[in-house]
Structure formats: C-alpha cells, structure tokens
Amino acid sequence: MPSFSPTRFSPFETTLWHATATPAPAYGTLDETVIADVCVVGAGYSGMTTALELAKKGVSVALLEAEEPGFGGSGRNAGHCTPTFTHYSLPHLRKMLGEPWAERLIARQTRANDKVSAMIRDYQINCEWQQNGYFMGALVPGHIGELKAKVATYNAVGARTRYVEPGEAEAITGSPRFLGGWVHEEGGHLNPLGYSRGLARAAMQEGVRLYAQSAVTGCRRDGARWRVETARGAVLAEKVLFTTGAYTVGGWPKLDQTFRILRVFVAATQPLDPETRATVLPRNTTMHDGRGDIYVYKYNREGRIVASMFPMGQRGVDPAYTARVMTDRLKWLHPQIRGEIRWDYLWWGELDMQQKTVPRLYGLAPGVAAMTGLSGRGVPTGSMLGGILSEWAMGVPDKDLSLRVEPLKAAPLYMTVGPKLSLRYFRAKDWLAAKTSGAPLPPHA
C-alpha cells in the first residue's frame, strides 16, 4: 500500500473511475491576473456546484483547482448517492443543531438527489447515473425498530421510503440474510469522476473561468478586493470561498486544522457474469448491509461490484487480506456466488472528519468563507451545498442561510483518534448485538 503524508494524498490514477470516466475537458492554468466577482477555491462537487449556481445568476466566477476537477473525494468516492444523514437520526440532528438550522439542512439534504438528477439531465452528463433506490438491511432483530423509525421520520419530511419484510428484502438485494430492510426509493449511484467532469463542463458552459493545476498559495486584502494568489497568477475578487475539504493544503492559515483525515478504501471486482448479476442486486440498487462496520456496494456500468469499507487492523493495509475480507463478506451475503471473485481495483480516499459529521461553514474574514467537514457524505451533500454557498456569496444574510456561519476553530485534539475509535466501537456493538440475539456474524467480524 502507498505511504501518505499530510500533503501527499492517495493515488488518483489507480481508481476504477479514472480508468472508465468520460475524458476530461481541456482545462487552462492561471498564468495572469484576472478579476471576478467571486473566486471559488477547490473544484470538487461543492466548489463546482457553487460556481455553477453563481454563473447562472450572472455572477462572474473564477474557479481554482490545485490538481484537476474531481481529484479529491469527488472523483474517488464509491459513487453512492443517498440523500440521508449517515450518523444521525433526524430527531437527533434537530437536537444537535437546533432550529431553524436543522430543518433547513434536512430540507436541503433530503431533496439533494433532485438537484443531482436535474443537473445530469439538463447538462447531459455521462456518468452512469442510475436511480434505482438504496437498501439498508437489518441483520439483527434490534435493527428492525431503527429502520422503521427511519421510515416515519424521513417520510415526514417528504422522502419516499418504506420498510420491507424479509421476502421483499431478498427480492431486492438477492441476499437471504436480512430480517428486513429500509428502502429509500430516491437513492441512486453513478461514476463520481464522470459526474465531476460533467459538472466542470457545465460550469464552463455557463461562463465560469476554471483553472486547473493552479494551487492557491495565499489570500490577502488588495484594496477593495481580495487577492487570491497562485504560483503564476492571481484572482482579484470581492468574495472568496474555500471548498477544498479534506484536500486542503495552504490557502488560508489553519483551515486544514478544522478537521482530521480519515481514510476509506474502495474496491471493484472483475465484471460479473450475467447469471450472477441476475441474482445479486438484481434491481441494480445501492446496498448497505446495515452494520456500523459498514459494507456498502453497487454495480458500475461494466457489471463490477464496487464496495467500500473503512480500514481496521490488517484490513485496508494488507492487499491480499483486504481482498479476502471483501470476498468473504460478499459471498456470506450472497451464498449463491460460486465463482471466483477477483478485486481488480483497490484505491483510497480521504475524508475531512469532524466531531459533528455535517458540513461546517466558517467566516474567515469579511467577504471570505470556507466550508469543510463533509465527513464522507459525498455526492448528494456536495451537490446541494452549492445552493447554500452561492447564497452566501450573493449576500443572503447569515441568519437566513441553511448552515450557521461560525468562526474558524481547530478540530479538538481527541479527533486525532476519535474516528478510528468510533469505528472499533461500532464493530464491537455489531458483534454484541449478534451474539445477544443469536444472529449469525459475517466473516472477519
């Protein structure tokens, strides 16, 4: 496995998406001084949808990217597009954030796939988009009540979800293991890098000046504007937004201290044969096995299973062991798989984890803001944030935004180990729930 440092991120060219996404459009490099109303730093989903929203309203936008659009999490995630909150129930989120912030964010997040599907349709983005739903299973009796509560709370805010009994759970997933499941009809999946490149084309089509290979080296006041500097050029703008997330390097002092990096790995099998595909995820849904020690997977257009897990111990470090864990878990869930499973791709991504796994909007200076802390929420969250951040740039008062504007604050020290300890806690909780109820445990649990 590759070695990492804070400024050297995991390889990008080794991903399945880099091998299969629609080719990137031509990007220029900033080698002069340009003037814009707004400068957006970071061409991931959040930065590109922000630039796109602003350009459609007639705002002049310069978008700076250190590598290429989609280089970060937006081009290497597993491709799931589920408009939910992973770590919190909606009632818990309301208590944690308070009103009106919680209700506004819930409304944005739960309708995020509307925005994703509309952008894909309107800009004809070739990204393997499939909207066949999301399934989360119950492997122990204690999870059934939690899933039924999800149905009630998500449907109350307008989502289309339902609880299914074991027979329908097996019909949807092809797995006989589940005692029931939660189906979110609006869930989807896609090729994340293809989507990123499509957003880049759309932004440029709307007039955004997008510069790749243009890392920001500093941002300072220059008269009435902000001067955002790169190695060979600069943008003079009235407002600046940093949307670099986990891939933040420089740009603004201490911005990279607002989160801690947690790595996740994604793997893809060989294309499976038609007979196997007919019985494993036969409806081409996205599937979550329901455990806190997650195993989430779906197909790509070639018929490969694309699955993700968090590293733990040897898992994610030793490639041979990691492949064995991934295979054993998949075949445990789908005992009808008889043939060999070969993992042709294995890659990594970085998550900008915070103690609250919802995005954070920081006011850095008058006219300068930053957003970090997506914490692995991925496609729908990054896509809907463009609406919030563009409203900030358009001058919507802070009190009317869907994210609270906060002062810059470093992540607490315990976050250095907190996310990894949480993963071990979830794994132990899964083990205890299975042992207590007499439910079978998957391999390597």
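Where is the place of P100? P100 sits in the loop between α4 (90-97) and α5, where helices (H or I, at least four residues) and strands (E, at least two) are DSSP runs numbered from the N terminus. The model is predicted, with local features needing pLDDT of at least 70 and side-chain atom pairs counting only at pLDDT 80 or more, while totals for chains, interfaces and linings use all residues. Residues are numbered from 1 along each chain as its sequence is written, and side-chain values use heavy atoms, with hydrogens and water left out.

**Backbone details**

Most residues other than glycine have a negative phi, and most peptide bonds are trans. The bond from E99 to P100 is cis, with omega near 10°. Q124, in the loop between α6 (112-122) and β4, has a positive phi of about 50° although it is not a glycine. With 65% relative accessibility, Q124 counts as exposed; exposed means over 50% relative accessible area, buried under 20%, and partly exposed in between (1.4 Å probe, protein chains only). Q213 also has a positive phi, near 50°, and lies in the loop between β8 (209-211) and β9 (216-222).

**Cores**

A nonpolar core is a set of buried Ala, Val, Leu, Ile, Met, Phe, Trp, Tyr and Cys residues joined through side-chain atoms within 4.5 Å. The largest one has 63 residues, and L63, F85, L105, V116, I120, L190 and Y195 touch the most other members. Helix α12 (residues 378-393) gives the largest share of this core, 7 residues. Leaving out residues up to four places away in sequence, L105 touches F85, L97, V358, M384, I388, S402 and L403, where contact means heavy atoms within 4.5 Å. A second, separate core of 29 residues includes A169, F265, L272 and V280.

In helix α8 (residues 166-173), the buried residues are A169, I172 and T173. They fall within an arc of 80° seen down the axis, so they line one face of the helix; the arc is that of the directions from the helix axis to the C-beta atoms. Their cover includes β4 (134-138), β5 (161-164), β6 (180-184) and β13 (286-288). Just after α8, G174 takes a positive phi of about 80°.

T286 belongs to strand β13 and, at 0% relative accessibility, counts as buried. Among the residues that T286 touches are H80, Y134, F135, H189 and K298.

On a 1 Å grid over the protein atoms alone, a cavity is a set of points where a 1.4 Å probe fits but cannot get out, and a pocket is an open set with protein on both sides within 12 Å along at least five of seven lines; lining residues have an atom within 4 Å of a point. Points are joined across faces, edges and corners, and a volume is the space filled by probe spheres set on them. The whole structure holds 2 cavities of 30 Å³ or more.

| Space | Volume |
|---|---|
| Largest cavity | about 70 Å³ |
| Second largest cavity | about 50 Å³ |
| Second largest pocket | about 340 Å³ |

The lining of the largest cavity includes H143, R291, W332 and D430. F85, L105 and M384 are among the residues that line the second largest cavity, to which α5 (101-110) and α12 each supply at least two residues. The second largest pocket is lined by 16 residues, of which I261, L262, R263, P311 and K420 are the closest to its centre.
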